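Reader: I would like to go through a structure by question and answer. Please show it first.

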Amino acid sequence: MKQKRLVIAYNTSWYVWNFRMPLIAALKEKGYEIVVLAPRDDYTARIEAAGAGQRDIGLQGRGRNPLRELAALAAFFRAYRELKPDAVFHYTIKPNLYGSIAARFLKIPAIDNVTGLGAAFESGGPLESAVRALYRFAFARVERVFFQNPDDRALFLRDGLVRAEQADLLPGSGVDLSRFAPRPRGQGPLTFLYLGRLLKAKGVEDLIRAARIVRERLPEARIVLLGKRDDADPHGADPALLDEAAAEGVVELPGVEDDVLPRIAAADCVVLPSYYRGGTPRSLLEAAAMGRPLIAADSVGTREPVAEGRNGYLCRPRDPEDLAAKMLAFAALSPEEKAAMGAASRRQAEERFDERIVIGKYLETLARVISKAD
């Protein structure tokens, strides 16, 4: 019997390596041939070494040049005609849109994943209308659309972008509970950790302003912002604000690190004041799995892993003063209360966010889709 071929389409190979290798391993164990369709980057060789094929595709994350977008759509058509996959998994906005359109016309079963809506759904005007129309058309024949939080699923259903029988819910990308296991905190000053790109919409500028308030009360506290900085990105946090805060010792900016486990282990609390319309942030799931309390904005996606008062606190989005108040409230807890919050985070991860739940749903859905196609 011929081996079934699956394509996993993403906007970067980095994301595949960091978020989808357990799924790829599970699919390979079931006997599927896997081809990753994503732009080549420093992580492509790692994916290939793990036994997945790779095909390059040119995608620009925020490109709006119509000719380039048409070229991207054409690239999906070419790739699917040549690869002839039995099914495709799409992640991130452009693979969801252009990949699904190509799969629709080529009669290839597609399983899509809405891992966040991004700025387009908050822009209003012609851009948002165009994106909604594209989603409605692209998803019309998709077998299944997975969402990472109930808010996004409800929006797509309300606006007729998906049908009820298509839409399903996953607990984010899930988290590897054995790799991200509780570790002792060790010695050192009170440490708050941010994990993610240094973007305005991720609340980085709000966190810096909150950090100033916190350090006025607790000058020994550390606020570490771990993530990629891109001063040329108009969506990035203000470079002058970052430089000034780092020079004054208000925050620490260590840059990018592939292995975040030591950073989480050295933190007392992980903070994400994001108002970006994402899915369910992996950083919060990893921190919860390692038994760390959470402080997050009461926003779409970020609120999902936080049980207010039990494993952390929710703050008002775009409100540095409220964020600082929550950070100071955490700092005022006794060691026993902090430990209880950390234990509650781990239980939350075990009960709701285990990646085996995610992979199990994918395998079940894929088996049904493949059986239907046969």
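Reader: Is C315 buried or exposed, and what is its relative accessible area?
Author: This is a predicted model, where local features need pLDDT of at least 70, side-chain atom pairs count only at pLDDT 80 or more, and totals for chains, interfaces and linings use all residues. Residues are numbered from 1 along each chain as its sequence is written, and side-chain values use heavy atoms, with hydrogens and water left out. Buried means under 20% relative accessible area, exposed over 50%, and partly exposed in between, with a 1.4 Å probe and protein chains only. C315 is therefore buried, its relative accessible area being 3%.

Reader: How far is the sulfur of C315 from the closest cysteine sulfur?
Author: A disulfide is a pair of cysteine sulfur atoms within 2.5 Å, and a search of the whole structure finds 0 of them. C269 is in no disulfide, and C269 is buried, with a relative accessible area of 0%. The closest cysteine sulfur to that of C315 is in C269, too far for a bond, at 11 Å.

Reader: What is the strand order of the open sheet of 6 strands?
Author: Strands (E, at least two residues) and helices (H or I, at least four) are DSSP runs, numbered from the N terminus. Two strands pair if DSSP finds at least two bridges between them. In this open sheet the pairing is parallel, and the order is β10-β9-β8-β11-β12-β13.

Reader: Why is one side of β10 and of β13 left without a neighbour in the sheet?
Author: β10 (252–255) and β13 (312–315) stand at the edges of the sheet. One side of each has no neighbour there because each has a single partner strand.

Reader: Which residue of β13 is the bridge partner of I295?
Author: Strand β12 covers residues 294–297 and pairs with β13 in the parallel sense over 4 bridges. The bridge partner of I295 in β13 is Y313.

Reader: At about what angle does helix α9 run to β9?
Author: Axes are lines fitted to C-alpha atoms, for helices over the stretch in contact (heavy atoms within 4.5 Å), and angles run from 0 to 180 degrees between N-to-C directions. Helix α9 (residues 204–217) lies across β8 (191–195), β9 (222–226) and β11 (269–272). Its angle to β9 is about 165°.

Reader: Which residues of the largest nonpolar core touch the most other members?
Author: A nonpolar core is a set of buried Ala, Val, Leu, Ile, Met, Phe, Trp, Tyr and Cys residues joined through side-chain atoms within 4.5 Å. The largest one has 60 residues. Leaving aside neighbours within four places in sequence, the contacts of L225 include Y194, L198, V204 and L207. The residues that touch the most other members are F192, L225, I295, M327 and F330.

Reader: How many residues of helix α12 are buried?
Author: Helix α12 covers residues 282–289 and is largely enclosed by the rest of the structure. Among its buried residues are R282, E286 and A289.

Reader: How far apart are the end C-alpha atoms of helix α13?
Author: The expected span of a helix is 1.5 Å times one less than its number of residues. For the 12 residues of α13 (residues 320–331) that gives 16 Å. In the model the end C-alpha atoms agree with this, being apart by 16 Å.

Reader: How many residues of α13 are buried?
Author: The buried residues include P320, D322, M327 and F330. Helix α13 is largely enclosed by the rest of the structure, since the number buried is 9 of the 12.

Reader: Is K107 buried or exposed, and what is its relative accessibility?
Author: K107 is found in the loop between α5 and β5 (110–114). Its phi is positive, near 60°, in a residue other than glycine. K107 counts as exposed, with a relative accessibility of 72%.
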